[in-house]
Amino acid sequence: MYTVSKLEDYSPAALDQAAHELLQAVRQEATAIAGENDWRVFRDRWMARKNGILTQVNDLWLKAAPGTAKREVGARVNQLKTEVEKAVGVAQHRTSSTAASSRLESERLDITLPGIRRPLGAEHPVIRTMTEIVDVFRRMGYSVADGPEIETDYYNFEALSFPPNHPARDTQDTLFVAGQEKKPQRDRLLLRTHTSPVQIRTMLNQPPPVRAVIPGKVHRADTADATHSPIFHQVEGLAVDTNITFCDLKGTLDHAMKSLFGSNVKTRFFPSFFPFTEPSADVSITCFKCGGKGCRLCKMSGWIELLGCGMVDPNVFKFVEQNGYDSQKISGFAFGMGVERITMLKYGIDDIQLFYQGDVRFLEQFA
Ligand code: DAH
């Protein structure tokens with residue numbers, strides 16, 4: 001460790017030597033400074049007014065110098081002072097900039113690293129099919145309507161011309177809201193068993209003409225198995241105008257089925273019965289798997305039953321007559337289809353429960 005010693009003689013050579021040793025020491029100590037604390041110790045050691053090295057130099061070299069050497073020694077000491085101050089200044093700059101750079105180091109962001117991938121979800125296959133069905137009808141000019149899942153008996157059954165105590169209420173396996181027994185039957189709340197009540201709500205909302213599709217969730221007290229679920233989805237359709245005929249119904253549904261299953265499929269309308277349509281029909285399409293030859297999918301019949309439809313029963317129009325629905329002047333057709341069933345057929349899914357189990361291995365196949 002460098003210490004200041006008295007000068008033996010004041011010759012230029014001796015002064016040079018002493019100055020050289022001092023400067024060497026200050027520079028060497030400066031290189032060993034690691035942080036701000038080191039630097040403060042360094043600064044005080046060299047520059048403290050009381051007993052700092054420069055002060056000692058002043059005392060031991062300058063003050064002690066004989067009169068003849070004072071001038072020369074004074075100039076040297078001043079020079080050393082400047083050099084030492086410079087070394088302390090440079091050291092300070094270096095420590096504060098290494099502190100700053102280590103702060104930067106800890107905050108460094110490597111923008112070339114791969115980002116954090118957040119896996120994107122995908123549309124559920126049932127919703128995808130539902131949207132697809134709705135889009136087919138939107139392209140034909142239909143608007144989209146909706147209605148409540150908790151319905152009254154009136155909209156779900158009565159206004160659709162289900163007679164009171166008609167067994168259809170049981171065959172639909174209705175889930176009723178508890179504690180409604182005191183109300184008149186028509187006001188009792190239930191979970192809608194089909195989207196057909198929205199036909200009534202739509203007609204109450206707007207006078208004819210109507211062209212609307214109604215996608216939505218429906219509920220039945222069914223026990224879950226491979227083809228049944230207590231909650232599933234339907235898309236309902238309703239078209240009312242002057243001169244709507246069964247021919248319009250056939251053409252519309254034939255076009256829709258070709259859009260959904262491919263232009264090769266043919267449609268066939270079987271007589272059927274629904275309380276709110278007359279005549280009523282069940283629609284089948286040619287089996288898109290075997291092309292109508294007969295296979296396991298179509299149970300060897302060549303046909304797959306897909307939906308119910310019919311001409312709106314004049315009795316139904318009676319419930320909305322006050323809004324311009326005079327069955328003497330207008331007519332209409334309606335249809336309803338199960339979205340899960342159509343999805344299962346489209347993708348070859350054999351168990352409806354797969355839609356509700358939330359198993360990503362199943363769902364990601366549709367992503
Ligand atoms: N609501 C019927 C059901 O859930 C389906 C249906 C059949 C809807 C015929 C209609 C229709 O609009 O005209 O089984």
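**Working chat on a predicted model and its ligand**

Biologist: Where is Val 88 found?
Modeller: Val 88 is in helix α4, which covers residues 70-106. Please keep in mind that this is a predicted model.

Biologist: Is Val 88 buried or exposed?
Modeller: Val 88 is buried, because its relative accessible area is 4% and the cut-off for buried is under 20%.

Biologist: Which residues is Val 88 in contact with, leaving aside its neighbours within four places in sequence?
Modeller: With those neighbours left aside, Val 88 is in contact with Trp 39, Phe 42, Arg 43 and Met 47.

Biologist: And how far apart in space are Val 88 and Cys 247?
Modeller: Their C-alpha atoms are 100 Å apart, and the two residues are separated by 159 residues in sequence.

Biologist: What box do the C-alpha atoms of the chain fill?
Modeller: Taken along the principal axes, the box is roughly 135 × 55 × 40 Å. The chain has twelve helices and ten strands. Its radius of gyration is 46 Å, whereas the globule rule gives 21 Å for 367 residues, so the chain is more spread out than a compact globule.

Biologist: What percentage of the residues count as buried?
Modeller: Of the 367 residues, 41% count as buried. The accessible surface of the chain is about 20,900 Å², and carbon and sulfur atoms account for 52% of it.

Biologist: Let us turn to the ligand. How many residues surround the ligand, and which are the closest?
Modeller: The ligand is surrounded by 15 residues, and the closest are His 194, Ser 196, Arg 220, Gln 234 and Glu 236. By class, this shell has eight polar, five nonpolar and two charged residues.

Biologist: Which strands each supply at least two residues of the shell?
Modeller: They are β6 (231-241), β9 (303-312) and β10 (331-338).

Biologist: What does the side chain of Glu 236 do there?
Modeller: An N or O atom in the side chain of Glu 236 is 2.6 Å from an oxygen atom of the ligand. Backbone atoms also take part: a polar backbone atom of Ala 334 is 3.2 Å from a ligand oxygen, and a backbone N or O atom of Phe 335 lies 3.2 Å from an oxygen atom of the ligand. Taken alone, the ligand exposes 350 Å², and the protein buries 90% of that.

Biologist: Ala 334 interests me. Which other residues is Thr 277 in contact with, besides Ala 334?
Modeller: Leaving aside neighbours within four places in sequence, Thr 277 is also in contact with Cys 309, Gly 310, Met 311, Val 312 and Asp 313. Thr 277 is in strand β8, residues 277-286, and counts as buried at 2% relative accessibility. Its side chain makes a polar contact of 2.6 Å with the side chain of Ser 280.

Biologist: Which residues does the cis peptide bond with omega about -5° join?
Modeller: That bond joins Glu 278 and Pro 279, and Pro 279 is found in strand β8. The peptide bond from Pro 208 to Pro 209 is also cis, with omega near 5°. Pro 209 lies in the loop between α8 (197-205) and β5 (210-219).

Biologist: Last topic, backbone angles. What is the phi of Asn 51?
Modeller: Asn 51 is not a glycine, yet its phi is positive, about 70°. Asn 51 sits in the loop between α2 (36-47) and α3 (53-63) and is exposed, with a relative accessible area of 58%.

Biologist: And where does Lys 299 lie?
Modeller: Lys 299 lies in the loop between β8 and β9. Its phi is positive, near 50°, and Lys 299 counts as exposed at 74% relative accessibility.

How values were computed: Residues numbered from 1 in each chain as written. Predicted model: local features only at pLDDT ≥ 70, side-chain atom pairs only at ≥ 80, totals over all residues. Heavy atoms only, no water. Near = heavy atom within 4 Å. Polar contact = N/O pair within 3.5 Å; in protein donor to acceptor, adjacent residues only side chain to side chain. Areas by Shrake-Rupley, 256 points an atom, 1.4 Å probe, with all protein chains shown as cover. Helix = DSSP H or I, 4+ residues; strand = E, 2+ residues; numbered from the N terminus. Nonpolar A, V, L, I, M, F, W, Y, C, P; charged D, E, K, R; others polar. Rg over C-alpha atoms; globule rule 2.2 N^0.38 Å. Buried < 20%, exposed > 50% of the residue type's maximum accessible area, 1.4 Å probe, protein only. Contact = heavy atoms within 4.5 Å.
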